Amino acid sequence: MSPAFRIGARELTVTGPEIPLSWIFTMLGLMFLLTGCAGSASRGPGTAMTPDQIDPAFPARDSLGKDTLPATAIADTVLPGPSPDSSGLTDSLAQAKVLKSRRDSVASRGQEEPLVMETADRMEGFRDRGEYILRGGVVFTHGELRLETEKAVWIREANLVLADSGMRITNRGSTLEARSGRYDKALSRATAEGDVVVRDSAGEFELIGRNLIYDRNTHVAQLFGNPVLKHFPESDTAAEADTLVIRGEVISYNDSLSVARAEGKVRITRGDLLIQSNRAEFFRARDSLLLTGEPRLNVGESEVAGKEMRVRLTGKEIRSLRVRGDAEAGSLEKGAAGIPARQSRVWGDSLFMAFKKEAPDSVEVFSNAKGNYYDVDRPEYINEMTGGYMVLRFGEKRISSADVVGGAKSVYYHFDEDALKGRNSAEGDTIHFTFVEGKIDEVEVIGKAVGRYLAKEADGPGAREPSRKESEESAPD
């Protein structure tokens with residue numbers, strides 16, 4: 001069994017074979033001299049020792065000048081001297097508690113916290129260089145941060161720890177694991193390399209990458225080397241497909257704000273949602289994404305693009321999205337019995353889309369609004385509309401009505417079953433469209449109304465349909 005004894009508020013555990021009791025008393029006597037009990041008037045009760053004052057407590061060095069101590073090291077140790085009216089260890093322990101309370105008080109006021117080496121199975125090092133090698137169950141703490149590894153190099157004067165045999169850091173419930181890494185107390189920064197995995201305290205986020213830099217002051221972790229961020233759904237019954245997955249060249253995560261940022265060839269997936277952009281930010285509190293750098297979104301049969309995009313999510317589904325700058329959206333309405341498939345598309349300076357069950361519920365287009373739609377099996381007959389503002393409403397994944405406001409113009413083709421009857425063009429302040437099964441059923445022009453109908457010529461010699469040229473000439477500008 002390894003003997004243990006306490007000095008002040010610290011416990012020193014010595015590993016190895018049984019140690020004679022006389023050796024322990026010799027060590028205690030040496031510690032007694034070091035604390036100023038043997039006539040040292042230069043240091044009063046409770047005075048902190050410097051590293052040079054602590055080092056003489058180690059056994060003598062070997063011929064290489066290397067300390068060998070198979071024991072726990074003590075960092076930032078405070079060895080209180082005896083009170084004038086003290087007669088034993090009891091007062092020393094009491095003074096140690098007072099000193100600990102003072103240190104805790106200083107830390108609570110935001111003052112600098114020490115880097116403390118808590119435990120290690122074995123320690124060896126160079127005293128003159130202040131470098132030590134620690135092996136087995138190595139633990140360091142810095143405030144709330146805790147670093148664990150099986151092997152570390154401790155550069156004491158620089159407050160630097162190098163871990164090369166696995167590293168695990170916990171801080172306020174979040175964890176960081178990697179093959180190797182380092183912690184710089186002066187910068188409050190941790191770096192990690194190889195199979196890096198970070199998890200937040202709530203278990204909602206997981207970050208994976210090759211390399212990481214974590215700043216304890218800003219609570220920001222940066223991942224490199226094919227980084228991946230996963231945001232898990234809150235429901236215990238949610239499927240893996242419901243997980244939001246973000247990939248990019250660099251991913252940053254603020255574990256205090258629960259905000260993630262990805263840059264460079266960003267790719268985001270959740271269910272059948274696919275987003276690609278140059279940069280993305282995910283805000284956990286609002287369950288929303290801010291996308292910049294040519295963002296493009298695909299969900300179901302819909303596609304949206306623009307210069308900037310904000311996406312609101314609910315679980316695995318899109319709730320809404322707003323697009324600014326060169327906004328464009330398209331949607332494919334699948335065919336059914338007797339109803340052809342239709343493709344629709346809108347453009348504008350900006351647009352807003354609301355979704356319901358992963359399909360568009362409404363689309364609003366602002367400034368320079370343009371739109372068209374056509375039957376997939378008749379792509380040459382394109383119905384068009386333009387205006388200052390446009391709104392399209394959907395029901396059962398098909399367009400049900402539309403309004404074009406402000407200099408509204410439209411051109412649409414009139415079919416009876418599969419037979420083309422003619423082409424209708426209209427202009428006005430406002431045009432309202434009503435659709436039945438995806439086809440125009442009624443058109444109402446309000447304010448400065450102008451309409452023109454070009455019928456298909458009757459069957460017989462010279463019979464023809466409205467030409468493409470005629471369609472283009474009568475189409476709105």
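Residues are numbered from 1 along each chain as its sequence is written, and side-chain values use heavy atoms, with hydrogens and water left out. Because the model is predicted, local features need pLDDT of at least 70 and side-chain atom pairs count only at pLDDT 80 or more, while totals for chains, interfaces and linings use all residues.

**Terms for voids**

On a 1 Å grid over the protein atoms alone, a cavity is a set of points where a 1.4 Å probe fits but cannot get out; a pocket is an open set with protein on both sides within 12 Å along at least five of seven lines; lining residues have an atom within 4 Å of a point. Points are joined across faces, edges and corners, and a volume is the space filled by probe spheres set on them. Strands are DSSP runs (E, at least two residues), numbered from the N terminus.

**Pocket and cavities**

The second largest pocket has a volume of about 540 Å³. Its lining comprises 25 residues, and R342, R378, F415, K439 and I440 are the closest to its centre. Two or more lining residues come from each of β26 (359–375), β28 (398–416) and β30 (439–446), with β30 giving the most, five residues.

There are six cavities of 30 Å³ or more. Around the largest cavity stand 15 lining residues, of which S174, L176, V198, Y214 and D255 lie nearest its centre. Strands β9 (167–171), β10 (174–178), β12 (189–199) and β13 (205–215) each supply at least two of the lining residues, and β10 has the largest share, three residues.

The second largest cavity is lined by residues including S344, R345, V346 and M353. Strands β24 (317–333), β25 (342–356) and β27 (383–395) give two or more residues each; the largest share, four residues, is that of β25.

In the table, Ala, Val, Leu, Ile, Met, Phe, Trp, Tyr, Cys and Pro count as nonpolar, Asp, Glu, Lys and Arg as charged, and the others, Gly among them, as polar.

| Cavity | Volume | Lining by class |
|---|---|---|
| Largest cavity | about 140 Å³ | eight nonpolar, four polar, three charged residues |
| Second largest cavity | about 80 Å³ | six nonpolar, three polar, one charged residues |

**Residue D403**

D403 lies in strand β28. At 15% relative accessibility, D403 counts as buried (under 20% relative accessible area, 1.4 Å probe, protein chains only). Its side chain makes a polar contact of 2.7 Å with that of H432 (N or O atoms within 3.5 Å, one able to donate a hydrogen and the other to accept it; residues adjacent in sequence count only if both atoms are side-chain atoms). Leaving out residues up to four places away in sequence, D403 touches Y389, M390, V391, R393, I431 and H432 (heavy atoms within 4.5 Å).

Conventions:
Buried < 20%, exposed > 50% of the residue type's maximum accessible area, 1.4 Å probe, protein only.
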